[in-house]
Amino acid sequence: MAQSKIPVGILGATGMVGQQYITLLNDHPWFEVRYAAASPRSAGKKYAEAVKGRWQLTKTYAPHVGDLMVEDANDVSRAVAAFKKGECSFVFSALEMSKDETKALEEQYAAAGIPVISNASAHRWTEDVPVLIAEINADHTDIIPLQKKARGWDRGFIAVKPNCSIQSYMKPIHALAQAGYEAKRMFVNTMQAVSGAGYPGVPSLDMIDNIVPYIGGEEEKSEKEPLKIFGCIDGGIFKNAEFPLISAHCNRVPVIDGHTACVSLEFAGKKPSSMDEIKKIWAAYKGLPQEAGLPFAPKQPIIYREEDNRPQPRKDRDTDKAMAVTIGRLRPCNIFDIRFVALSHNTVRGAAGGGILNAELLKHKGYL
Ligand code: NAP
């Protein structure tokens with residue numbers, strides 16, 4: 001094992017998102033998985049034994065990960081011991097517990113000196129915790145020293161990523177805002193993959209030959225989280241943006257991976273002159289400075305497909321390490337200004353890959 005890599009831990013390593021972390025980090029140039037934790041049901045087993053019969057991915061885990069002893073994620077002292085042995089510098093949190101339990105546990109890790117890069121929703125509305133989409137609000141990491149100071153934390157801190165449902169439409173509207181075309185109002189109709197519900201997730205009899213027009217809490221997250229991401233730091237806490245106002249309809253559809261969003265958008269003031277201008281803005285969008293050299297950053301964060309029948313989850317979700325957003329069907333809207341369809345991979349860009357990119361950003365900025 002290369003000594004120069006940063007040793008990382010995964011909380012919830014046995015779950016749907018945890019398995020993605022494990023495989024995506026197989027050959028990561030900066031990070032290496034040396035610590036795995038999950039529920040007391042998995043604790044005390046080797047990782048290979050803990051995931052036997054419920055491995056969900058086509059790619060498998062590295063041999064050294066299969067040999068790791070799974071720890072109880074509720075026992076922070078185990079992670080502290082691993083930190084002291086040089087086996088866990090920070091953790092990715094992919095826990096599925098109650099909001100209060102997750103919130104308290106992630107704070108215990110941070111207080112014990114172990115930074116937490118989280119996928120859980122528990123801390124998204126904590127007023128001094130950044131909700132990061134690396135290309136959009138990298139400057140929100142500036143709150144970390146204030147967060148540490150306010151809580152008396154020395155080395156630890158908490159940074160989270162937003163809900164997977166919003167990933168496909170945040171970058172396109174950010175790119176347009178950067179070009180001077182701010183969004184004022186939007187409707188979004190999401191068609192979300194079953195992997196978004198974890199494993200075993202939605203019962204098969206609810207999903208086969210069917211669509212479920214409700215995902216608990218998802219519409220509120222889809223409408224409100226963008227406002228924090230487009231907001232700013234003010235007096236040591238986040239102040240939300242006022243716009244865009246979003247009306248979301250979130251549906252669970254029988255797709256394994258890849259959340260699709262149909263968006264109708266109204267601009268606040270100035271409007272783009274043509275659909276071609278918008279496509280050029282999206283094609284030119286980089287989001288992150290190239291010199292940062294973040295390994296998980298997509299080369300081109302927004303890909304536009306000209307075909308009438310794209311994007312499609314099966315054909316487009318894996319584009320550029322499954323980290324790019326694919327858009328199609330841009331056209332004028334009869335009620336608002338424009339409409340389009342956007343797609344992103346929910347367990348990669350929307351979960352583990354997004355978390356890894358956030359960690360890369362935090363390392364680049366000297367926080368890890
Ligand atoms: P999942 O497949 O149900 O996995 C849950 C993980 O949490 C497992 O490792 C499980 O361990 C562990 N866990 C459950 N109860 C626990 C307890 N009491 N104490 C300690 N560990 C416990 O869920 P998931 O889909 O991977 O989601 C994980 C997190 O990521 C959730 O917060 C979810 O909201 C968020 N997220 C998911 C997606 C997605 O597309 N799936 C996208 C964005 C964010 P055992 O295996 O031992 O039970």
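The structure is a predicted model, in which local features need pLDDT of at least 70, side-chain atom pairs count only at pLDDT 80 or more, and totals for chains, interfaces and linings use all residues. Residues are numbered from 1 along each chain as its sequence is written, and side-chain values use heavy atoms, with hydrogens and water left out.

**Nonpolar cores**
- A nonpolar core is a set of buried Ala, Val, Leu, Ile, Met, Phe, Trp, Tyr and Cys residues joined through side-chain atoms within 4.5 Å; buried means under 20% relative accessible area, with a 1.4 Å probe and protein chains only.
- The largest such core has 54 residues, of which Tyr109, Leu265, Trp282 and Phe340 touch the most other members.
- Helix H8 (residues 167–178) supplies the largest share of this core, 5 residues.
- A second, separate core has 43 residues, including Leu68 and Phe90.
- Trp282 is in contact (heavy atoms within 4.5 Å) with residues including Pro172, Ala175, Leu176 and Phe340, its neighbours within four places in sequence being left aside.

**Helix H8**
- Helices are DSSP runs (H or I, at least four residues), numbered from the N terminus.
- H8 is largely enclosed by the rest of the structure, because 10 of its 12 residues are buried.
- Among these buried residues are Lys171, Pro172 and His174.
- Just after H8, Gly180 takes a positive phi of about 100°.

**Glu106**
- Glu106 lies in helix H5 (residues 99–111).
- Glu106 is buried without a salt bridge, which would be a side-chain nitrogen of Lys or Arg within 4 Å of a carboxyl oxygen of Asp or Glu.
- Arg124, the nearest side chain of opposite charge, is 8.9 Å away from Glu106; Lys and Arg count as positive and Asp and Glu as negative, while His and the chain ends are not counted.

Terms used. Helix = DSSP H or I, 4+ residues; strand = E, 2+ residues; numbered from the N terminus. Buried < 20%, exposed > 50% of the residue type's maximum accessible area, 1.4 Å probe, protein only.
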